[in-house]
Amino acid sequence: MTGPAPVRPRVAVSSCLIGELVRFNGGHSRDRFLAGPLDPYVDWVPVCPEMEVGLGTPRETLRLERSPDGPRLMTRRTRADLTGRMAALAEARAAALDVDGYVFKSKSPTCGIHGIPLYPGAEGQPVDRRRRGVFAAAIVEAHPLLPVEDEGRLHDAVLREAFVERIFAHARLRALLEDDWRTRDLVAFHARHKMQLLAHDPAGHRAAGAVVARAGTRPRAEVASAYTGAFHAALAERARPGRNVNALQHCLGMLGLDPARRDHLAGVIGAYRAGLVPLSVPAALVRHDAEGEGAAYVRDQTFLSPYPDELALRHHVPA
């Protein structure tokens, strides 16, 4: 990976997705991307809530059921109510969670983050299929800016690239703030991330910059908290093609290219805008020209290389 020194995101993951034999049937749900291409670049923090509350494997299947007291997590056969135990575990896990992202198991009444069915408590009531699992809901509520996905959604190229970009950005900031950083270190960090923030959220880019501008006059802990909030919030906004084009054009404007080369690069950026080439094409050309021109400020922008190039995640053409 060129540009900034590589970091290894810490990513919580449902244990079954990386091959651990913790599923209700004694098996696993090993995901090819997580346990394959992504595995060499991250440090996994495996979690299986069902095992942690003592269910063991193999075990009964679970489901969410409606009740007057709210959704309950029930075993299907013996009708044991596990809601309290699971909620207590989730609260403890959420309080101690120190990761850069989380990948949950899809369709799970404990770990699912989208479309989990809530079954009726009486005949004639409809099934509500818009719920989150008990454990996952508590984690997401406690950490609303944490990058989270399930393995099913990560099969989508756009969602996969967005998730991986965010976990590496979170990891870089965590690495900075865990070190004995000074104001100049934060200034340098923000300078490298300016185009990436701009591509996600121009208003968030300005908010993060305002924190940096006042960093020398405020306590370090206050600065770290404010910048983390602004940085994470900006990256939580999706980087749309139009904003990527804006960032690319900013980079182009900072390069001292001859007219022919500038026109060529502008044409490639236009091709990306038109949906003819993926983002990887203009980003690679901008980075190449920045290296050739000795334009270190542009060359080192994390926007151009936000994660290891070997992951090859920017090769989809925008819709």
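Predicted model: local features only at pLDDT ≥ 70, side-chain atom pairs only at ≥ 80, totals over all residues.
The chain contains 12 helices and eight strands. Its C-alpha trace spans about 75 × 50 × 35 Å along the principal axes. Of the 319 residues, 47% count as buried. Contacts can also be sorted by how far apart the partners lie in sequence. Among contacts in the chain with a separation of 6 or more, 68% are between residues 24 or more positions apart.

We turn next to the sheet that holds strand E1. This sheet is open and has four strands, which follow the order E2-E1-E5-E8 with parallel pairing. At its edges are strand E2 (43–47) and strand E8 (148–150), and each of these pairs on one side only. On average, and with direction ignored, neighbouring strands of this sheet are turned by 25° against each other.

The pairings can be followed strand by strand across the sheet. Strand E1 (residues 10–14) runs parallel to E2 and is joined to it by five bridges. Within this pairing, Arg10 has Asp43 of E2 as its bridge partner, and Ala12 stands opposite Val45. E1 also pairs with E5 in the parallel sense, here over three bridges. In that pairing the bridge partner of Val11 is Gly101 in E5, while Ala12 stands opposite Tyr102.

Phe104 finds its bridge partner in Asp150 of E8. E5 is covered on both faces. Gly101 and Val103 are buried on one side, and Tyr102 and Phe104 are buried on the other.

E3 and E4 pair in the antiparallel sense over four bridges, and Arg72 in E4 is the bridge partner of Glu65.

Leu64 lies in strand E3 (residues 62–65). Is Leu64 buried or exposed? Its relative accessible area is 2%, so Leu64 is buried, a word used here for values under 20%. Leaving aside residues up to four places away in sequence, Leu64 touches Arg72, Leu73, Pro109, Ile116, Pro117, Leu118, Tyr119, Arg131, Arg132 and Val134. Asp300 provides a reference point elsewhere in the chain: Leu64 and Asp300 are 236 residues apart in sequence and 48 Å apart in space, C-alpha to C-alpha.

The last feature is a pair of packed helices. Two packed helices are described by the angle between their axes and the distance between the axes. For helix H7 (residues 202–213) and helix H8 (residues 220–236), the axes come within 8 Å and cross at roughly 165°. This angle makes H7 roughly antiparallel to H8, because angles over 145 degrees count as roughly antiparallel. The crossing of H7 and H8 is left-handed.

Which residues of H7 and H8 meet? On the H7 side they are Gly204, His205, Ala207, Ala208, Val211 and Val212, and on the H8 side they are Val223, Ala226, Tyr227, Ala230 and Ala234. Sorted by class, the contact of H7 with H8 has nine nonpolar, two polar and no charged residues.

Terms used
Residues numbered from 1 in each chain as written. Heavy atoms only, no water. Axes fitted to C-alpha atoms, helices over the stretch in contact; angles between N-to-C directions. Helix = DSSP H or I, 4+ residues; strand = E, 2+ residues; numbered from the N terminus. Parallel < 35°, antiparallel > 145°, perpendicular 65-115°, else oblique. Left-handed = near helix turned anticlockwise from the far one by under 90°. Contact = heavy atoms within 4.5 Å. Nonpolar A, V, L, I, M, F, W, Y, C, P; charged D, E, K, R; others polar. Pairing = 2+ DSSP bridges. Buried < 20%, exposed > 50% of the residue type's maximum accessible area, 1.4 Å probe, protein only.
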